[in-house]
Amino acid sequence: MRTLLPALALALSAGALTTPAAAAASSHDSRAASVAGEAAGGTVGSGWNDYSCKPSAAHPRPVVLAHGTLGNSVDNWLVLAPYLKNRGYCVFSLDYGKLPGVPLFYGLGPIAKSAEELSAYVDKVRSATGADKVDIVGHSQGGAMPRYYLNFLGGKDKVNSLTGIAPNNHGTTLSGLVTLMDKIPGARNAIGGLTPGLTDQAIGSDYLKKMNSVPDTVPGVRYTVIATKYDEVVTPYTSGYLTGPDVRNVLLQDLCAVDFSEHIAIGTVDRVVAHEVANALDPEHATPTTCASVIG
C-alpha cells in the first residue's frame with residue numbers, strides 16, 4: 001500500500017501528465033521566470049501581472065488567470081497570457097494552493113482554502129486597476145475552484161464571467177484510478193492528508209458534496225466551459241459541463257475536429273482555445289473559432 005499511495009497521488013494530479021507540446025512550453029527559461037516572479041512578489045515579465053495596467057474602454061475588466069493542479073502562475077499561461085495582453089487586456093495570474101517546502105508546483109492545498117486566496121487576489125487586482133469586476137479564466141482545478149469563491153465567499157458581486165478550460169467541476173474518476181484508490185483501505189485519507197487539493201477533486205469527496213449541494217451557477221455571472229474529448233484527467237470530460245442560466249458548454253472538437261489536445265495541452269499551448277477564450281471574454285465581438293484560429 002505504501003508504494004501505491006505516491007503513485008495514486010501523482011496520477012490524481014492534473015499536472016502529472018505531460019505532452020511534448022506542453023514540455024516545450026515549460027522550458028528551462030520559463031522555470032527561471034517562475035523563480036524570478038516569485039522572488040518579485042508575484043510580478044512576472046512578458047507584459048502580464050503589471051499592476052500599473054488600467055483597463056481600456058474596449059476591455060474594461062482585468063482578467064485573472066488561475067492555474068491547474070501542479071501548475072503555477074507562469075508556466076500555465078505562457079501562451080494565453082501574452083495572447084490576451086496583446087489584444088489589449090490587463091492580465092494577472094496568481095499562485096494558489098502552495099504546500100510548505102514544495103516550490104513551483106502549486107494547487108495542492110485544500111480547494112476551499114485556495115478559493116480564499118483567489119478572493120484576496122481578486123480584491124488586490126480590483127484595487128490596483130480600479131475595476132469593479134474581473135473576468136476569471138482557469139485551467140483544470142483553476143477553472144472549477146473559482147465556483148467555491150462565487151458560491152460561498154461573495155465572489156459573485158466581483159466577477160463578471162468565469163471561463164473554465166477542462167475544469168473539474170463535478171469530480172473525476174481519473175480513467176478509473178479513483179475507483180482503484182477507494183478499493184485500498186485508507187488510501188483516500190492518506191493521499192488527502194498529504195495533498196488535499198488532489199482528493200478534493202475525486203468523485204465522492206466532501207468538497208464536491210458541498211459544491212453539488214448548490215446550483216452550478218450564481219445569478220449575474222456568465223459561464224463558459226471548454227472541454228476536450230481527449231481529456232484523460234477529467235473523466236468523463238462531460239463532468240466539466242455546467243447546468244444553469246447564462247452557461248455555454250463548448251467541446252473543442254466541435255470547433256476544430258482535428259484538434260487532439262488533451263488535458264494539459266488544452267490549457268497551456270492551444271491557440272484555438274485561446275481564441276475561444278477571447279470570445280468568452282468579449283462575446284459581443286466574438287468571431288468564429290476554427291482550426292485556422294491557431295494562426296490568429
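How many helices and strands does the chain have? The chain has 14 helices and 6 strands, where helices (H or I, at least four residues) and strands (E, at least two) are DSSP runs numbered from the N terminus. Before we walk through them, please keep in mind that this is a predicted model, in which local features need pLDDT of at least 70 and side-chain atom pairs count only at pLDDT 80 or more, while totals for chains, interfaces and linings use all residues. Residues are numbered from 1 along each chain as its sequence is written, and side-chain values use heavy atoms, with hydrogens and water left out.

Let us start with the chain as a whole. Of its 296 residues, 54% count as buried; buried means under 20% relative accessible area, exposed over 50%, and partly exposed in between (1.4 Å probe, protein chains only). Among contacts (heavy atoms within 4.5 Å) with a separation of 6 or more, 75% come from residues 24 or more positions apart.

Now turn to strand E4 (residues 159-165). All 7 of the 7 residues of E4 are buried, so the strand is largely enclosed by the rest of the structure. On one pairing, strand E3 (residues 134-139) runs parallel to E4 and is joined to it by 6 bridges; two strands pair if DSSP finds at least two bridges between them. Here Ile136 stands opposite Leu162 in E4. E4 also pairs with E5 in the parallel sense, over 5 bridges, and Thr163 has Thr224 in E5 as its bridge partner.

In one of them, Arg61 meets Asp135, with the closest N and O atoms 2.9 Å apart. Arg61 lies in the loop between helix H3 (28-39) and strand E1 (63-66) and Asp135 in strand E3, so the pair ties together parts that are 74 residues apart in sequence. Asp135 counts as buried at 1% relative accessibility, whereas Arg61, at 23%, counts as partly exposed.

A second example sits within a helix. Arg126 and Asp123 form a salt bridge (3.3 Å, N to O), and both lie in helix H5 (residues 111-129), 3 residues apart, about one turn of the helix. An α-helix has 3.6 residues a turn, so residues three or four places apart point the same way. Lys158 joins Asp123 and Arg126 in a network of salt bridges.

Moving on to helix H14 (residues 271-281), we find that 10 of its 11 residues are buried, so the helix is largely enclosed by the rest of the structure. At the start of H14, a side-chain oxygen of Asp270 reaches to within 2.9 Å of the backbone nitrogen of Val272. Glu276 is one of the buried residues in H14, and Arg248 forms a salt bridge with Glu276, the closest N and O atoms being 2.3 Å apart. This pair links distant parts of the chain, with Arg248 in strand E6 and Glu276 in helix H14, 28 residues apart.

Finally, two loops. Ser239 lies between strand E5 (222-227) and strand E6 (247-251) and counts as buried at 11% relative accessibility. Phe260, in the loop between helix H12 (252-255) and helix H13 (263-268), is exposed, with a relative accessible area of 55%.

Note on methods
A polar contact is a pair of N or O atoms within 3.5 Å; within protein, one must be able to donate a hydrogen and the other to accept it, and residues adjacent in sequence count only if both atoms are side-chain atoms. A salt bridge is a side-chain nitrogen of Lys or Arg within 4 Å of a carboxyl oxygen of Asp or Glu.
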